[in-house]
Amino acid sequence: MTEQSSATPLGATVLPRAAGLGWGAVGIFAFSFTLPFTSIAVAGLSPLFIGCGRAVVAALLAVLVLSIARHRRAAAVPLPSAVQWVRLAVVAAGVVVGFPLLTSFALVSVPASHAVVVIGLLPAATAVMAVLRGHERPAAAFWVFAVLGALAAMAFASLQNGGLGELHESDLLLFLAVLLCALGYAEGGLLARELGAWQTVSWALVLASPLMVVGAAVGWFQQPPHASPVEWAAFAYLGVVSMFLGFFAWYRGLAIGPIAQVGQVQLIQPVLGILWSALLLHERIGLPTLLGGLAVIACAGFAVRTRLTRKDA
């Protein structure tokens with residue numbers, strides 16, 4: 001059979017696992033700047049414009065890449081089937097619409113380092129979504145650590161807000177962002193094996209682009225930009241790298257897989273995010289942030305690892 005795309009058929013082992021981990025690490029490194037740069041951009045740009053506008057920038061790049069690829073090798077970029085379009089809508093809802101918009105609004109009122117710790121739940125949440133999507137039956141320890149990670153993140157958020165149980169609206173936005181992004185990651189990882197890594201993110205961006213154009217226009221006119229060059233540069237990074245190029249590497253890694261093992265690479269994202277918050281934003285990283293981050297990362301790591309030893313009942 002002639003190879004027609006970069007997609008990897010389910011069950012086939014074409015590249016070594018180290019390649020999957022390597023591509024995954026490149027993607028996560030790119031994503032680790034997302035929250036700090038969003039925090040920079042919201043100082044001069046509307047959160048609605050940032051959340052939608054970055055997707056518009058990425059969608060324009062996606063259209064360009066798809067057009068060039070289809071012109072040169074039409075067979076290499078087949079149109080998704082009807083079922084795949086529905087699944088692409090799930091990917092778009094999670095990583096193109098949900099996560100960018102929700103985190104942009106949340107970072108108006110919370111420091112990037114705070115958001116990074118809450119988003120540290122993403123590896124465990126992605127593993128949960130992959131379990132549900134793949135109809136797996138993992139060991140009970142998987143669910144224990146997943147729940148502990150969620151409780152650790154909620155405890156951290158509420159304590160930083162002044163007392164246990166006091167979650168602010170921004171924290172609820174971050175938790176919802178985690179759920180939607182995890183769903184988009186899990187579904188996107190499966191689709192990347194069928195459509196190819198860059199094709200998956202490109203089609204998802206194209207699918208969501210009409211809504212994102214409207215949202216970006218509304219954000220622009222509701223709150224006209226007064227951004228500095230640095231803030232525009234941060235926005236450019238979000239559109240070109242966080243929303244586009246980073247997903248090339250990330251979905252490529254998930255497609256090579258195994259998804260459960262490549263997903264563990266996400267555990268370095270909170271660490272890097274806290275580091276960038278301190279270096280780029282000069283945020284004070286106190287002991288509560290460090291302890292909260294370590295607790296969430298540890299629970300997420302155990303959840304992902306216990307998923308690898310699921311029961312086959």
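Buried here means under 20% relative accessible area, exposed over 50% and partly exposed in between, with a 1.4 Å probe and protein chains only. Keep that in mind for the stops below. The model is predicted, so local features need pLDDT of at least 70 and side-chain atom pairs count only at pLDDT 80 or more, while totals for chains, interfaces and linings use all residues. Numbering starts from 1 along each chain as its sequence is written, and side-chain values use heavy atoms, leaving out hydrogens and water.

**The whole chain**

Start with a cartoon view of the protein chain. You will find 13 helices and 0 strands; these are DSSP runs numbered from the N terminus, with H or I of at least four residues for helices and E of at least two for strands. Of the 313 residues, 56% are buried. Now show contacts, meaning heavy atoms within 4.5 Å. Among those with a separation of 6 or more, 88% join residues 24 or more positions apart.

**Aromatic pairs**

Next, select Phe, Tyr and Trp. Their rings (for Trp, the six-membered one) pair if the centres lie within 6.5 Å; planes under 30 degrees apart count as stacked, over 60 as edge-to-face and the rest as tilted. The whole structure has 19 aromatic pairs. Zoom in on Phe33 and Trp276, a stacked pair at 4.6 Å centre to centre with 10° between the planes. Phe33 sits in the loop between α1 (17–31) and α2 (34–41), and Trp276 in helix α12 (residues 268–280), 243 residues apart. Phe33 counts as buried at 14% relative accessibility, and Trp276 is buried with a relative accessible area of 14%.

Move on to Tyr185 and Trp250, a tilted pair at 5.4 Å centre to centre with 55° between the planes. Because Tyr185 lies in helix α8 (residues 169–195) and Trp250 in helix α10 (residues 229–256), the pair ties together parts 65 residues apart in sequence. Tyr185 is buried at a relative accessible area of 4%, and Trp250 is buried at 0% relative accessibility.

**Leu122 and its contacts**

Select Leu122, in helix α6 (residues 122–134). Leu122 is buried, with a relative accessible area of 3%. Which residues is Leu122 in contact with, leaving aside its neighbours within four places in sequence? They are Val178, Cys181, Ala182, Tyr185 and Gln266. Cys181 is itself buried at a relative accessible area of 2%. If you go looking for disulfides (pairs of cysteine sulfur atoms within 2.5 Å), the count is 0.

**The largest cavity**

For the last stop, look inside. A cavity is a set of points on a 1 Å grid over the protein atoms alone where a 1.4 Å probe fits but cannot get out, and lining residues have an atom within 4 Å of a point. The structure holds 3 cavities of 30 Å³ or more. The largest cavity has about 120 Å³ of space. Its lining has 14 residues, and those closest to its centre are Phe31, Thr34, Arg54, Phe99 and Tyr185. Colour α2, α4 (82–106), α8 and α10, each of which supplies at least two lining residues. The largest share, 3 residues, comes from α10.

Methods:
1 Å grid on protein atoms, 1.4 Å probe; cavity = no way out; pocket = protein on both sides within 12 Å on 5 of 7 lines; lining within 4 Å. Points joined across faces, edges and corners; volume = space filled by probe spheres on them.
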